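Please read the following briefing alongside the sequence and the 3D view shown here.

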Amino acid sequence: MATTTAAITLTSADLLTDALSLSATKTLHKAGSTVGLDQTTGMAKAYLTATTNIDIFPTLIEGSMAFAGKSSWVYICNESEDETEYAIITISGNVIGKLYAGDFLWMPWSQSEDGHGNNRHGDIELAPSVDTGMWFTWCCINEGTEYPTAV
Amino acid sequence: MATTTATITLSSADLLSDELALTTTATLTEAGNSTGIVGTSGLGRKKTSGTSQYILFDGDAYANGAHKVYLKNTSTTAAQYFTIEINSEQMGKLYAGDWCFFPWEANADTNDIKIQPSAADMVLEYMLFINE
């Protein structure tokens, strides 16, 4: 069992009249338990030169029985330094939001099969706003990895 | 203009053979510029009274923009979770003590963020940073 922690700090001296200083730390556990998550895709770093959607976790079989009811966490960071550049993040083809330069996300991922009949299942996709080259990093920390059968 | 920062740290000494020690800091800005976000819902808590699905943030109530969402399940019972749905798509489950932070576009009235607790009397902590 591995011990992996995710912590966030949100701070601002001037967003509100009172200072914002919020912190949260959590050890990543398997679903409904206190057993640590023990699998990961590893941290990927990619330089994308097209604005087409890509599936950022193509080796994972989303919607598979292995993932049913399991816990997965996703980190994505837009490493661009141009404030106008963003990536549209979607799940099963539905927009979550735009990740602008320097922004990151940290979210749970059910990898559940969707009901849209488009065979995208629980894909997390990323579409850069420009084709002139943007850097991204991402990883998934999870349980229940199932890999596609070789053909 | 306000300056608000979000810092994430992912760490593990034994997930891999090499240590995981990642820290990223983002200044929360409006869409496509460097102006700091000035709107917020404030830090709030919602106590659920049943296991029905709730609309936490209505996509129709906010302009299309670079909003950011913070959510935390304050439960201490490992099996209790909130199912997070966005744009009618299940994103994931937030188990006891889990938190998440993600961008939200609010690009349509269907782009609601919904929560569904696995048990009654659970408490979700939330904060929306609004691109006004």
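What pattern does chain B follow, read along the sequence? Chain B follows β-β-β-β-β-β-β-β-β-β-β, and its secondary structure comes to 0 helices and 11 strands, where helices (H or I, at least four residues) and strands (E, at least two) are DSSP runs numbered from the N terminus. The model is predicted, so that local features need pLDDT of at least 70 and side-chain atom pairs count only at pLDDT 80 or more, while totals for chains, interfaces and linings use all residues. Residues are numbered from 1 along each chain as its sequence is written, and chains are lettered from A and ligands numbered from 1 in the order in which they are written.

- An open sheet is formed by 4 strands in the order S2(A)-S1(A)-S1(B)-S2(B), with antiparallel pairing; two strands pair if DSSP finds at least two bridges between them.
- Strand S2 (20–27) of chain A and strand S2 (20–27) of chain B stand at the edges with a single partner strand each, so one side of each is left without a neighbour in the sheet.
- From one strand to the next, the twist averages 10°, with axes being lines fitted to C-alpha atoms and angles running from 0 to 180 degrees between N-to-C directions.

**Pairing within chain B**

- Strand S1 (residues 4–12) of chain B runs antiparallel to S2(B) and is joined to S2(B) by 8 bridges.
- B:Ala6 has B:Ala26 in S2(B) standing opposite.

**Dimensions and burial of chain B**

- Taken along the principal axes, the C-alpha atoms of chain B fill a box of roughly 45 × 40 × 25 Å.
- Of the 132 residues in chain B, 45% are buried, meaning that 20 or more other C-beta atoms, placed from the backbone, lie within 10 Å of the residue's own.

Conventions. A residue is buried if 20 or more other C-beta atoms lie within 10 Å of its own, exposed if 12 or fewer, and partly exposed in between; C-beta atoms are placed from the backbone.
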